[in-house]
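Me: I am new to reading protein models, and I would like to learn how to read one feature at a time. Could you give me the general idea first and then the case at hand?

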Amino acid sequence: MSRASTLAIDGGDPAVTIDDPERWERPIEAEREIVTDLLESGVISGSGSGFPLEFEEKFREYSGAEYCLTVDHGSTAIESAFYAVGVGPGDEVITPTVGYIGAYAGALHLGARPVFCEIDPETLLPDPTDIERRITDRTAAIAITHWNGRVCDMDAILDISDRYDIPVVEDAAHAHASEWKDEHVGSVGDIACFSLQGVSPHGKPIAAGEGGIVTTNVREYYERQLSYCHLHRSGVNDELTLEPYDGLDWEVLGLKYRAHPLALGIATVGLENLDYRVERRLRYRDRLFEHLDELPGIRPVWPYEESETDGLYGGLKVVLEPDELGRSPETVVDALAAEGAPVRGPGFSYMEHRRRIFREGYDLWGRGRSPIDGEFCGLPAYEGYQEGDFPISEALDERVVTVASYIEPEEEFVDQVARAFEKVAR
């Protein structure tokens with residue numbers, strides 16, 4: 001057997017010989033120019049007018065939403081969205097256990113109890129059937145995450161929302177360019193939250209260091225957010241037109257979560273090249289997944305047919321079938337890594353019900369006052385989660401592998417990665 005056909009982990013030549021494949025370069029000069037202009041003009045604070053308002057209008061138009069508000073982080077975007085839809089002490093919020101603490105922490109700190117649900121084994125996104133199964137008379141919101149830019153089943157989830165009159169808060173931190181039936185995320189559901197964390201090309205789809213965006217089509221949600229966290233926003237009293245918010249002064253409820261204009265300057269550049277980067281990532285995914293679809297024991301995770309976006313942040317997902325491969329997932333991942341394939345796993349980055357605070361409970365504010373420790377504001381005594389409570393998600397956690405995605409990889413790189421999977425699978 002030749003060295004090329006022998007597995008690298010057994011001493012053969014690795015299939016992937018390109019170490020640093022990404023050839024797309026961040027347009028740092030464009031970022032520097034816009035940040036310099038803001039610095040020289042003194043526009044480095046404030047919201048509701050000038051450049052910050054211009055960015056909100058640009059993203060509002062891009063998303064197709066009626067209203068857009070920028071904030072300082074993605075996590076505060078989500079917190080303000082929970083406040084906007086009325087989440088408070090004694091409520092429950094349903095969210096997937098294959099999730100992220102930032103997607104629901106805002107609800108927890110508002111006094112609500114997270115209630116975890118299973119994922120769909122085909123898409124690895126929240127399972128609408130299990131969401132509905134966990135609804136109680138205390139459910140105040142459904143919190144979903146569009147992981148890696150893959151959009152959740154919005155038709156099914158919004159149907160549940162309509163039938164039970166429960167708002168949906170979307171964590172769209174990975175999904176700035178994602179669409180559902182040709183409509184941008186941010187204009188499809190009740191309220192959507194985006195993150196600007198990181199630096200391109202490895203940060204969020206629009207990366208500006210730190211920052212967040214919220215979009216909604218509901219005027220009351222927009223005004224509740226303004227009142228909650230936009231202290232000293234220029235013109236805020238003119239924007240607050242609904243009761244009781246129209247009776248507040250310009251210091252509203254006292255929180256200042258507004259975005260930094262310099263971050264919005266960098267984000268402007270990211271918005272300009274967003275569609276190009278997404279299109280190129282999808283081209284890479286399609287070429288790779290078409291190869292993987294032909295292999296035994298390797299199942300690439302495609303998005304729902306209504307939304308083609310994927311891999312915009314955090315990579316692409318592949319599910320291993322150990323019975324077909326005849327080896328453990330850990331052994332397969334080790335062999336792929338030895339071939340030079342850009343993989344990590346097996347396992348999800350996060351499994352929320354396994355966090356200690358949700359297994360054992362946690363006295364959030366001290367003196368026995370917590371939605372996840374004992375009784376609280378009418379909530380029954382907190383019981384905590386155990387291993388085995390989410391068998392579908394837990395089983396998939398043992399078999400899911402993440403594969404890095406690229407914008408403009410070196411020529412032949414995708415073929416080399418496909419070859420690495422083929423050697424290991426066969």
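Me: How many strands form the open sheet with mixed pairing, and in what order do they stand?

Reply: Strands of a sheet pair through backbone hydrogen bonds, either parallel or antiparallel. Here 7 strands form an open sheet, and their order is β1-β9-β8-β5-β4-β2-β3, with mixed pairing. At the edges are β1 (67-71) and β3, each of which pairs on one side only, and the twist from one strand to the next averages 20 degrees. Strands, like helices, are DSSP runs numbered from the N terminus (strands are E, at least two residues; helices are H or I, at least four residues), and two strands are said to pair if DSSP finds at least two bridges between them.

Me: Before we go on, what should I keep in mind about where these values come from?

Reply: This is a predicted model, in which local features need pLDDT of at least 70 and side-chain atom pairs count only at pLDDT 80 or more, while totals for chains, interfaces and linings use all residues. Residues are numbered from 1 along each chain as its sequence is written, and side-chain values use heavy atoms, with hydrogens and water left out.

Me: Which strands does β4 pair with, and in which sense, parallel or antiparallel?

Reply: On one side, strand β2 (residues 92-96) runs parallel to β4 and is joined to it by 3 bridges; there, Glu92 has Thr139 of β4 as its bridge partner. Strand β5 (residues 168-171) also runs parallel to β4, through 4 bridges, and Thr145 stands opposite Asp171 in β5. For an antiparallel case, look at β8 and strand β9 (residues 212-216), which pair over 5 bridges, with Ala192 having Thr215 in β9 as its bridge partner.

Me: What kind of unit do β4, α6 and β5 make?

Reply: A crossover is called right-handed if, with the strands pointing away from the viewer, the path from the first strand over the helix to the second runs clockwise. In this model β4, α6 and β5 make a right-handed β-α-β unit.

Me: How many residues are in the largest nonpolar core, and which of them have the most contacts inside it?

Reply: A nonpolar core is a set of buried Ala, Val, Leu, Ile, Met, Phe, Trp, Tyr and Cys residues joined through side-chain atoms within 4.5 Å, where buried means under 20% relative accessible area, exposed over 50%, and partly exposed in between (1.4 Å probe, protein chains only). The largest such core has 56 residues, and Phe59 and Ile144 have the most contacts inside it. Among the elements that give two or more residues to this core are α1 (28-41), β4 (139-145) and α9 (261-292), and the largest share, 8 residues, comes from α9. Within β4, 7 of its 7 residues are buried. Leaving aside neighbours within four places in sequence, Ile144 is in contact (heavy atoms within 4.5 Å) with residues including Pro126, Ile131 and Val169.

Me: Which strands stand at the edges of the antiparallel sheet, and what does that leave on one side of each?

Reply: This sheet is open and has 4 strands in the order β10-β11-β13-β12. Its edges are β10 (298-300) and β12 (343-344), each with a single partner strand, so one side of each is left without a neighbour in the sheet. Strand β11 (residues 316-320) is joined to strand β13 (residues 400-403) by 4 bridges, and Val319 has Val400 as its bridge partner in β13. Helix α9 packs on this sheet, touching β10, β11 and β13, and its direction makes about 10 degrees with that of β11.

Me: Which way do the side chains of β13 point?

Reply: In a regular strand the side chains alternate between the two faces of the sheet. In β13, Val400 and Thr402 point one way and Val401 and Val403 the other way, and all are buried.

Definitions and conventions:
Axes are lines fitted to C-alpha atoms, for helices over the stretch in contact, and angles run from 0 to 180 degrees between N-to-C directions.
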